[in-house]
Amino acid sequence: MMPAWTRALGLGCLIVSCAARQHDESTRPAGKESNLPRLVSTDELASWLRRGRVNLVDVRSDVVSYLKDHLPGAVYLNPETLRASDGGIPTQLLSARSYSELFSRLGLDFDTPVVIYSAGETRNIDATFLSWLLAGFGHPRVFLLDGGYFKWQLEQRPLVRQYPRVREVEFPQSSFYPERASLAEVRQALAAGDVLVDARPPEQYTGEAGAQMRRGHIPGAISHYWQDDLIQQGFGRVWKAGPDLRASYAAQGITPSRNIIVYCNSSTEASHVHFALRNLLGYQRVRIYVGSWTEWAAREELPVEVGKRGSAAEE
């Protein structure tokens, strides 16, 4: 028998159902598949830097770390400048114009590869979030440094203190189509039996921890902690191999044939799971619920579940 929360959500979704699915297909730019963000190794990046120009973006959360040293030519971007409150809800996306102005100042033209790196051992989610935004603009050459700053440093590769000379460019703002889902589309997806993935730490999923208005998770969501997609290599962390990633998701019923929406607290952790599914494993239908748990938990009329739930097969 269909749970009561599913029936309630389904009633609220009837009006938006057709419009939401049509919107999802009509706003997806053509020819995008071959331009998805990808990983780049430290060896590959070192070779690129010797051969030609690369736009490096340092998204470590502490600017003091950047001032101490950074990869040669890297421009600094504090990841918190990428989000702001919208309608009172914190940590939401900015406008296309705001992103365009910011990326223009950073010199991120479409003709030069962009390589993003975080600290590596922590906050990989800031790098995946920026890559998701750039992909939303259709940037054709976006890469994530596997292992980040930490791996680069451990391998005793060049680091500098000098700031780069950056020429401002005209970053387009007319076509911003990030793979995202609204609250209405999440409610529709639940009623349709689509897969919802919670990328937060397990204790937040179960309701044992969390700073949002309520604790727990969206009913029916599967817990897949974003850090589970990384493995220890030396003293740092890198992405798991493709077959291992695919097996871990498949074991939870998160498969390429399903429509998938990922959420966390504020899109960043969800962007890490999105990167794994969409960019590394080639899943076709993966979106991020941008309002995430921060929005859902604040809406008293929306249902909440607590406790554990392992896979889509448990429905």
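At what angle do the axes of α6 and α11 cross? The close-ups below, all taken from a predicted model, start with that crossing and then turn to a cavity.

**View 1. The crossing of α6 and α11.** Here the two helix axes come within 8 Å, and they cross at roughly 70°. Angles of 65 to 115 degrees count as roughly perpendicular, so α6 and α11 are described as roughly perpendicular to each other.

**View 2. Residues at the contact of α6 with α11.** On the α6 side, look for Asn-124, Ile-125, Asp-126, Thr-128, Phe-129, Ser-131 and Trp-132. Facing them in the contact, α11 supplies Thr-268, Glu-269, Ser-271, His-272, His-274 and Phe-275. Sorted by class, the residues of this contact are four nonpolar, seven polar and two charged.

**View 3. The largest cavity.** If you search the whole structure for cavities of 30 Å³ or more, you will find one. The space in the largest cavity comes to about 60 Å³. Its lining is made up of 11 residues, and those nearest the centre are Pro-37, Trp-132, Ala-135, Glu-179 and His-274.

**View 4. What the helices bring to the cavity lining.** Two or more lining residues come from each of α6 (124-136) and α11 (268-280). The biggest share belongs to α6, which gives four residues. Five nonpolar, four polar and two charged residues form the lining as a whole. Two names link this view to the helix contact: Trp-132 and His-274 are among the residues nearest the cavity centre, and both also take part in the contact of α6 with α11.

Notes
Residues numbered from 1 in each chain as written. Predicted model: local features only at pLDDT ≥ 70, side-chain atom pairs only at ≥ 80, totals over all residues. Heavy atoms only, no water. 1 Å grid on protein atoms, 1.4 Å probe; cavity = no way out; pocket = protein on both sides within 12 Å on 5 of 7 lines; lining within 4 Å. Points joined across faces, edges and corners; volume = space filled by probe spheres on them. Nonpolar A, V, L, I, M, F, W, Y, C, P; charged D, E, K, R; others polar. Axes fitted to C-alpha atoms, helices over the stretch in contact; angles between N-to-C directions. Parallel < 35°, antiparallel > 145°, perpendicular 65-115°, else oblique. Contact = heavy atoms within 4.5 Å.
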